[in-house]
Every structure is written in C-alpha cells, then in structure tokens.
Amino acid sequence: MSGNHPHGSALSETDLRVRALETLLVDKGYVDPAALDALIDTYEHRIGPHNGARVVARAWSDPEFRERLRADATAAIGEFGYSGRQGEHMTALFDAPGVHHMVVCTLCSCYPWPVLGLPPSWYKSAPYRSRAVIDPKGVLADFGVTLPEGCEVRVYDSTAELRYLVVPMRPAGTEGWTEAQLATLVTRDAMIGTGLALDPASVEGAR
Ligand code: FE
C-alpha cells in the first residue's frame, strides 16, 4: 500500500499513527506491551480461518455434528474450544443446491472472530457493505464466483448480536477424505460466502 510513498518511508500514515498511539499508551502505562504482543499473536496465528475450516470439514463429515451446528452453532463451535469475543451468538448458514449464502455487516464490520480471525479490509469497506445487499451477484462476479443459473443468493446482515458462518457445499470428488484433508478446501471467503469451497483437483497433495 505504501510502496509509492512520496517521502520514501516504508510506513503508511496509518502505520505511523498506530505506532505513535501505541508508544503513547505504553509510555503512560495504559497497556502492557507483552499483553499487546500476546493479543496480536493470538489473532495472527492461533485464531483464523483454519478454525472455521475445521468446523466446516466436520459438518461435511459428521451428520450428527452438522445437526448440532444447525441447532446451536455457538455450542457446536464451542466443542472445538472456539469461543469468546465476537463469537457469542453464532448461526451457521448451509449452502445447498440452488441456495447460496453471503454475509455482510452493513453497519460496520461485525465478524465471527473465533472461527475466521480478523476481517479482511474489503469486508469493512463501504462498497462491499452496500453492494453486497444491492447487487450480491455482481459482488460474487467481482470475486470470480459464478453460481449456477437460477441459484438464489441469500444475504445475511451481521450485527453485534448475531454472527454467521457459511457452510459451503462439499465439493464432489472428496469421498473418503479425512476431516483434515477436507479442511484444506475451505477458504475464508467460502465461509463468508464470497467464495466457494476449492475444487479438490486444485489442491493436489492434500490427500
Ligand atoms: Fe458490524
């Protein structure tokens, strides 16, 4: 983003502001730098879309888990130990032939952190937040997704009270795959609904 910064600094203005703010907060003793590092490490490495991918892979593999996920997604996701901030009130949306789900937060950027990590910048952008509702198929086309003719797109608006996890359709040709293998097909975008699960042929070596 800051590659063409006219002053030759490697940091963008936002980066500089964040650093200045962090320095100030640490200097004044409001935050402990070790706690900040732990928090950032948590969201960069421990919490991320790989969590949600494990949930989806199990929903594909285990019909009883799928039903629990449908009945009470917060509790079913909690079976993996994924819980906490921004994951308190989860609902799973199951794609099916003829029905595709897409998630947006039209007001701000509500997002299921425990299963997907931090939201991508486009999710927080005004164009996505408005167009996802007005022209969901146009947004999908921008993401390179073409749905079958006549497929309905259902757009769900996240709120502070409700967060969604899309369970995309299990790709054909994955019979006999283990949950770990299946999870490699589940992308972040597939769980937001701006993508589909990957074609098994595209992840050669996952088996
Ligand atoms: Fe929001």
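The largest cavity of this predicted model is lined by Thr 74, Ile 77, Tyr 82, Ser 83, Gly 87, Met 90, Pro 114 and Val 115. Two elements each give two or more residues to this lining, namely α5 (73-78) and α6 (113-116); helices here are DSSP runs of H or I with at least four residues, strands are runs of E with at least two, and both are numbered from the N terminus. A cavity is a set of points on a 1 Å grid over the protein atoms alone where a 1.4 Å probe fits but cannot get out, and lining residues have an atom within 4 Å of a point. The volume of the largest cavity is about 30 Å³, where volume denotes the space filled by probe spheres set on the points, which are joined across faces, edges and corners. The count by this rule is one cavity of 30 Å³ or more.

Because the model is predicted, local features need pLDDT of at least 70 and side-chain atom pairs count only at pLDDT 80 or more, whereas totals for chains, interfaces and linings use all residues. Residues are numbered from 1 along each chain as its sequence is written, and side-chain values use heavy atoms, with hydrogens and water left out.

Eight salt bridges are found in a search of the whole structure, a salt bridge being a side-chain nitrogen of Lys or Arg within 4 Å of a carboxyl oxygen of Asp or Glu. A network of such bridges links Arg 131, Asp 135 and Asp 142. Arg 131 is partly exposed at 31% relative accessibility, and Asp 135 is partly exposed at 33%, whereas Asp 142 is exposed at 56% (buried, under 20% relative accessible area; exposed, over 50%; partly exposed, in between; 1.4 Å probe, protein chains only). A further salt bridge pairs Arg 154 with Glu 152 (3.0 Å, N to O).

The chain is divided into domain 1 (13-45) and domain 2 (47-202), with bounds taken from an automatic or database domain assignment. Their centres, taken over C-alpha atoms, are separated by 30 Å.

Definitions and conventions:
1 Å grid on protein atoms, 1.4 Å probe; cavity = no way out; pocket = protein on both sides within 12 Å on 5 of 7 lines; lining within 4 Å.
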